[in-house]
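This report describes how parts of one protein chain are arranged. Please keep the sequence and the structure in view while reading.

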Amino acid sequence: MLHFRSKPLPEIAETFLKEITVSGRSQNTVALYRAAFHHFYRFLAQQRIIITGFDCKMLIEYDEDLLRHNLKLVTRAAHIAHVHVFLRWLEVRGDIPQDFTKKLFPKYRADVVKGQQAELPELALRFITVLGASNKKNTINGYQSSLRSFYRLHQARTPKPYDITRTDIENFMLRLSDQGMGPNQRFGRLVQFRRYLDWLYDHKKIKILPDKLLSAKDFPKREKKLPRPFPVNVDLEIQKRLDANGSIDYLGVLLMRRCGLRVGELRDLTLDCVTQDFNDNWFLKVPLGKLNTERIIPLDIKGVEIIQRIKNYHPGTTEPGSSVRYLISNPTGNRRSRRHFAIVLQEVTRDLAIPGSVTLHRLRHSFATSLLSAGLSITTLKTLLGHKDLAMTLNYAEVTLETVRNEYFAALTKVHTRYEVASYPLKMPNFLDGMNQSFYDAQKFAKKIAKDQSKIDQTQFNRLCYRLMTLRNEFYQMLKSEEKN
C-alpha cells in the first residue's frame, strides 16, 4: 500500500463515503472511492490548491499524475469518474459553486443524478413488473428509463400521474431530441412509451385513445446503419497489440474479435465454455445472448491458446452471491463491466488514426466482414453471428467494399480485354451503294404497309413503286458520272 493511503481523508470525503455505504454500495465499491479520494487529495496538496482551484488543465495533469503512479487507463478512468460523482455531490450540497462540475466535464448531465430521477407511479411500477416476467433485464431497464424521462417532465406540470395530454407527449418528444438521441433511439423510446399508454388505457386510467396521444406519424424515420468494420490494417494492429499485452482483459477483447462475440456474451462466458468433440475439434459455447440464441463457434489453435492464457489468470473464485465462475473476472470473482472492456479498446487504439468512433461492436463487424470477404457463405455467417433473421446478416454483404472493389476492377479488366480482342476496323458503306440501298429500303417498307391496307389501289401503288425505282436509277447515274469527273 502506498504511504499516502494511511493519511486520513478530509471530513467531507468521509461523510460522502458514509452516505454511499448507507445507500447500499458494496464494501468493494466504497474501497474504490476511498482509493480515488486519497489520490485526489494528495494531488491537491502537491499542487497547493483547494477543490475550487481544480480546473480543466488540472484535470489533465491529474490524469498524468495517476499515470506516473503506474495506474492503468482503466483504473485512471474509474478514479476520475469517482471524483466526478464526488464533485457533483458537493455541488448539490452547495459546498462548491453551481456549474463547477459542468466546466470540468463537458458531458455532464445533471438530469441523470439518481437523486433527481422521477418516482414512477404505482401502475407504472406494476407495468414494469409484468414486463419483467417475459423480458430481459436490459429491456426492462430501457422501459424504466423511458418512463422516468417522461415523468420527470410530467411531474413538473401536475401531481396526477395519469393525467396525460397530447402536450405532455410533445414535450417528451422534444426532450428526447434535445438530449441528442438519434432517430433509432428515439423510435425505441416512443415504442416503449406507446406500450405503456396501451397499458393505462386497458386499465381505464386514461380515456383518450393511445392513437390520439401518440400516433404512427409521431415516430421518427429509422436510419439503416451499415456495420462499420475497422480498416484491415487497423484491425490487424489491434489484434497484435491485444495479443502482445497478454493481460486477462486484453485477451478477452482479443477473443471477442476472433470469435465475433458481443461484449455481453464475453461477460457471460463461464470457465467451462470450451468443449471438444470426438474428433478432437474445439468449440466455444456462447450462452444465451442478446437475441436469446445459444450457439457454438469453432475454435482454431490460436483461439484455444487465448482461452487457456485467460484461464491462467483466473482466481478460481465464483462471483459473490452466485455459484458461477465466469471466464473473465477480477480477483474477487466479479465480472468486468462493459465499460471496462471499452476503456481497454480505447487504450489500445489511442494513437491509431481510425475513422469514426471506436466501439467494441466494431470488432464484431470486422470479424463478419473479413470472413465474408474471404468467401464464407452468408448463411454460415448468420449461424456464427447468432442472427435470427438472414436480413440482419445481409447488412454485412453491403459493406465488403474490398470485395466489391476487387470484383469491379477484375470485371473492368475483362471488359477491356474483350474489347481489345474484338477491335477490328469497321467497314464504312460506299456512298453510291448506300444511296441505292436507301431506295430499296423505302420501297420494301412501303410494300409492307400497303399489304395490310385493303383500300389501296394496287395498280396505282405498283406504278408509284416503279417510278421510285426509276428515280433511284436517275440518281445513281447522275452521282456516278460526277464521281468519274
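## What covers helix α11

The buried residues of helix α11 are covered by elements that include α12, α15 (338-349) and α16 (361-373). Contact here means heavy atoms within 4.5 Å, and buried means under 20% relative accessible area, exposed over 50%, and partly exposed in between (1.4 Å probe, protein chains only). Helices (H or I, at least four residues) and strands (E, at least two) are DSSP runs, numbered from the N terminus.

This is a predicted model, in which local features need pLDDT of at least 70 and side-chain atom pairs count only at pLDDT 80 or more, while totals for chains, interfaces and linings use all residues. Residues are numbered from 1 along each chain as its sequence is written, and side-chain values use heavy atoms, with hydrogens and water left out.

Helix α11 spans residues 232-245, 14 residues in total. From its first C-alpha to its last it reaches 20 Å, close to the 20 Å expected at 1.5 Å a residue; the expected span is 1.5 Å times one less than the number of residues. Which residues of α11 are buried? They are V234, D235, I238, Q239 and L242. These residues lie on the same side of α11 because they cover an arc of only 135 degrees around the axis, the arc being that of the directions from the helix axis to the C-beta atoms.

On the other side of α11, the exposed residues are V232, N233, L236, K240 and A244. After α11 comes G246, whose phi is positive, near 80 degrees.

I238 is found in helix α11 and counts as buried because its relative accessible area is 0%. Leaving aside residues up to four places away in sequence, I238 touches F230, L345, V348, T349, L352 and L363. The C-alpha atoms of I238 and L345 are separated by 8.4 Å, although the two residues are 107 residues apart along the chain.

Helix α15 has 12 residues and reaches 17 Å from its first C-alpha to its last, close to the 16 Å expected at 1.5 Å a residue. Its buried residues are H340, F341, I343, V344, L345, E347, V348 and T349. The buried residues of α15 pack against α4 (73-93), α11, α12, α13 (263-268) and α16.

## The packing of α12 and α16

Two packed helices are described by the angle between their axes and the distance between the axes. For α12 and α16, the angle is about 35 degrees and the axes are 7 Å apart. Axes are lines fitted to C-alpha atoms, for helices over the stretch in contact, and angles run from 0 to 180 degrees between N-to-C directions. From α12, the contact involves V253, R257, R258 and C259; from α16, it involves L363, S366, F367 and S370.

## The largest nonpolar core

A nonpolar core is a set of buried Ala, Val, Leu, Ile, Met, Phe, Trp, Tyr and Cys residues joined through side-chain atoms within 4.5 Å. The largest one has 46 residues, and those with the most contacts inside it are L255, L261, L284 and L327. Helix α12 (residues 248-259) gives the most to this core, with eight residues. Not counting residues up to four places away in sequence, L284 touches residues including C259, L261, L269 and C273.

## The protein overall

The secondary structure comes to 21 helices and three strands. Of the 485 residues in the protein, 38% are buried.
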